[in-house]
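Visitor: I have a chain open on my screen and would like to go through it piece by piece. Can we start with a helix and work outward?
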Amino acid sequence: MKNEALSYLARHAWVGGAWAQDVLLGVAKDGLWSQVQVNATAQQQAGAMVLNGPVLPGLVNAHSHAFQRAIAGLAERRSAGAPASDDFWSWRDRMYCAANRINPLQLETIACQLYSELLAGGYTHVCEFHYLHNDLDGSAYANPAEMSLALVRAARRTGIGLTLLPTLYMRSGFDTNALRDDQRRFASTPDSIVRVVEAVQHQAAGDATINVGIALHSLRAVAPTALNELAAYAQSNRLPVHIHIAEQVQEVADCVAHTGLRPIEWLLTHAAVDARWNLVHATHTTADELAGVQRAGASIVICPTTEANLGDGVFDLPGYAGVGGNWSIGSDSHVTRTWTEELRWLEYSQRLSLRKRNVAAQVLQHASSAAGMFEAALAGGRPATGQALAGIAVGQRADFVVLAPQLPALLGIAPDEVLDAVVFSSPGRDADSVFVAGTRVGVEHQEAAKAFAQVMGEVWNGYKR
Ligand SMILES: [Zn+2]
């Protein structure tokens, strides 16, 4: 952790759910905010390091399977011999191919690349839902935390905060107690998960940006007795609990067939769900289930780009916001690595299915769709991690992002519209070089950008956007 106190000055920073000006930001030696003073006087600003761009709190990426970064972009073709239509389950077979090839050193390398990209994408902390425990042949490593510690090393090397969630995975479906052969690396018991938790806690002792929780893979993969045994351990050790809950129509149907209840109904009836619980992919739900999650004080982790990529379905944001439910976001399979795209897809999926605009603003009762979603996702970081990660406020961890003021999306944008612009005015990626009719065309951005920013001022001057 830091060994000296730091002082920054943000001309514009997102504080308490709104943009504030001339914000003096003090960071204590323990890495937590010790001072957040808006409208600091010139005298107070003296000596502080000026941050050159709008400052946002870092967001928690509440759901990650780091190894899946290795298949991003590689599961987008119809494979020979695949079923008539490609779906989640055929994607999963492909994902297992990658899962069964990656050794600890390779996992560390993949995670380093991923975590660097997540940091660049505005995330400052990641929750690893980690079920790749065993050696390639399914035998246990001498150290049961071998694969987990590869993720810890990657977090340390890149500097991202990490909540490692060793994941219990015991069976391939509701009707069996066994795993498929291609699930051999996931084999675990409540005891083996506790050993991983303890090993990671030991390894991360003294590192305040790394902590642990536990995960239960899903109701189909964990039998009720084991689920409650591990949940009780998490409860007594005050650890966050994550579970995949209702991503697929098929798993909801299987749950109903075997238990008579839908997944969230079953969970709320049979487990002591409370504010430590994070339900990942609550995609297929009823109004009663969403109300029940809210009453329990639990949170939902929404992974909009992965849920779109896998053809899962659309999260009922209006229904859940209507009962005041808590939620966070995750990039899950890492088909994208920036939170702006997760929020954009969350809103766009609503627009496409409801044929309306600014659904998030409406249902979250916020003037801005982007700002409303950002605030909700920010608040979801604390229950997902069990850490003080709830924005720029005294006592919270000093995780923040300085946006580049020269971003094309921010040209000519007023400070109070920055979130709208970074979420909904998505910049294209720069090509290395561009040719038209065989000739390389030059792109002298600087002058054009300056002129554009000036025109924006002229066009919108005095007009309420
Ligand atoms: Zn997942």
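Visitor: Which residues in H12 are buried?
Guide: This is a predicted model. In H12, the buried residues are Trp339, Thr340, Glu342, Leu343, Arg344, Trp345, Leu346, Glu347, Ser349 and Gln350.

Visitor: How many residues does H12 have, and what does it reach from its first C-alpha to its last?
Guide: H12 covers residues 339-354, which is 16 residues. The reach is 23 Å, close to the 22 Å expected at 1.5 Å a residue.

Visitor: And what is H12 followed by?
Guide: Arg355, with a positive phi near 55 degrees.

Visitor: Which other residues have a positive phi without being glycine?
Guide: Asp22 is one of them, with phi near 45 degrees. Arg238 is another, with phi near 55 degrees.

Visitor: Where do Asp22 and Arg238 lie?
Guide: Asp22 is in strand E2, residues 18-27. Arg238 is in the loop between helix H6 (224-236) and E11.

Visitor: Is Arg238 buried or exposed?
Guide: Exposed, because Arg238 has 9 C-beta neighbours inside 10 Å. Asp22 has 17 other C-beta atoms within 10 Å, so Asp22 counts as partly exposed.

Visitor: You mentioned E11. How many of its residues are buried?
Guide: Six of the six residues of E11 (residues 241-246) are buried, so the strand is largely enclosed by the rest of the structure.

Visitor: In which sense do E10 and E11 pair, parallel or antiparallel?
Guide: Parallel, over three bridges, with E10 being residues 214-216. Leu216 stands opposite Ile243 in E11.

Visitor: Different spot. Where does Ala99 lie?
Guide: In helix H2, residues 88-99. Ala99 counts as buried because it has 22 C-beta neighbours inside 10 Å, and the cut-off for buried is 20 or more.

Visitor: What does Ala99 touch, leaving out residues up to four places away in sequence?
Guide: Phe67, Leu132 and Arg185.

Visitor: And what separates the C-alpha atoms of Ala99 and Ala142?
Guide: 19 Å, with the two residues 43 apart along the chain.

Visitor: Now the domains. How is the chain divided?
Guide: Into domain 1, which is 6-56 + 400-424, and domain 2, which is 59-385. The centres of domain 1 and domain 2, taken over C-alpha atoms, are separated by 31 Å.

Visitor: How many residues are in contact between domain 1 and domain 2?
Guide: Nine residues of domain 1 contact ten residues of domain 2. On the domain 1 side, helix H16 (residues 418-424) gives the most, with five residues. By class, that side has five nonpolar, two polar and two charged residues.

Visitor: Last topic, the whole chain. How many helices and strands?
Guide: 17 helices and 17 strands. Buried residues make up 45% of the 465 residues.

Visitor: What does the C-alpha trace span along its principal axes?
Guide: About 65 × 55 × 45 Å. The radius of gyration is 23 Å, which agrees with the value near 23 Å for a compact globule, because that is what the rule gives for 465 residues.

Visitor: And what share of the contacts with a separation of 6 or more comes from residues 24 or more positions apart?
Guide: Such residues account for 71% of those contacts in the chain.

How values were computed. Residues are numbered from 1 along each chain as its sequence is written. This is a predicted model: local features need pLDDT of at least 70, side-chain atom pairs count only at pLDDT 80 or more; totals for chains, interfaces and linings use all residues. Helices (H or I, at least four residues) and strands (E, at least two) are DSSP runs, numbered from the N terminus. The expected span of a helix is 1.5 Å times one less than its number of residues. A residue is buried if 20 or more other C-beta atoms lie within 10 Å of its own, exposed if 12 or fewer, and partly exposed in between; C-beta atoms are placed from the backbone. Domain bounds come from an automatic or database domain assignment. Two residues are in contact if their C-beta atoms, placed from the backbone, lie within 7 Å. Ala, Val, Leu, Ile, Met, Phe, Trp, Tyr, Cys and Pro count as nonpolar, Asp, Glu, Lys and Arg as charged, and the others, Gly among them, as polar. The radius of gyration is taken over C-alpha atoms; the globule rule is 2.2 Å times the number of residues to the power 0.38. Two strands pair if DSSP finds at least two bridges between them.
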